[in-house]
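Thanks for coming, everyone. Let me put the model up, and then we'll walk through the packing.

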Amino acid sequence: MMKINIAQLKKEIGSTQTFSFQIPVAELGLEKQEEIWTGDVSAEGFVKNKGTIYEVAGTIKATMNDLCSRCLEPVVIVLNIPFCEEYREVDFKELSEVSESEVTYFDGDDIEITDLVRENILLAKPLKPVCGEECRGLCPECGANMNISTCNCNLLKTDPRLAVLQKLLPKD
């Protein structure tokens, strides 16, 4: 659990407090994902007292092992995810002038950020991870990894429905 105790921070508007957490992936509920998350997840940043609102901002770092979506080779992806969220005490809920979706509520002297960290990791996870932008992928004919070797497959096949248009082009 990632709880930030803000008892001291509540005493002075405008004050800030830093935090730093290391948490195992299992405590975030990410181990059930199809990719393999490695190491611990870290979150560090600050909390700022803005009166009735507490701004929590910082960076989350997580590492995952996955397969490149182009060449299917293993790839290690390091996520550095910035975040910023506003929290308000439950006591001030009825005084809220902002919509419910913009502010998260907390009770007592602790702000729980475990859900915030989990959500940001899942949203930042790449849909199609690649080993590099220059990755050439696999040959659609023979399946050879184009990053390692080249093949003799003819990749310039014309769609049979458009073959008639090929006759319109001048032959060099």
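In α2, the buried residues are Thr114, Leu116, Val117, Asn120 and Ile121. Buried means under 20% relative accessible area, exposed over 50%, and partly exposed in between, with a 1.4 Å probe and protein chains only. Helices (H or I, at least four residues) and strands (E, at least two) are DSSP runs, numbered from the N terminus. Look down the axis of α2: its buried residues fall within an arc of 165°, so they line one face of the helix. That arc is taken over the directions from the helix axis to the C-beta atoms.

Some ground rules. This is a predicted model: local features need pLDDT of at least 70, side-chain atom pairs count only at pLDDT 80 or more, and totals for chains, interfaces and linings use all residues. Residues are numbered from 1 along each chain as its sequence is written, and side-chain values use heavy atoms, with hydrogens and water left out.

What covers that buried face? The cover includes α1, β3, β4, β5 and β7 (110-112).

Now the largest nonpolar core. It has 31 residues, and Val117 and Ile121 are among those with the most contacts inside it. Such a core is a set of buried Ala, Val, Leu, Ile, Met, Phe, Trp, Tyr and Cys residues joined through side-chain atoms within 4.5 Å. β5 gives the most to this core: six residues.

Next, Ile113. Leaving aside neighbours within four places in sequence, Ile113 is in contact (heavy atoms within 4.5 Å) with Met2, Ile4, Phe19, Phe21, Val56 and Tyr87.

Last stop, Leu72. Leu72 sits in the loop between β4 and β5. Its phi is near 65°, a positive value in a residue other than glycine. Leu72 is exposed, with a relative accessible area of 51%.
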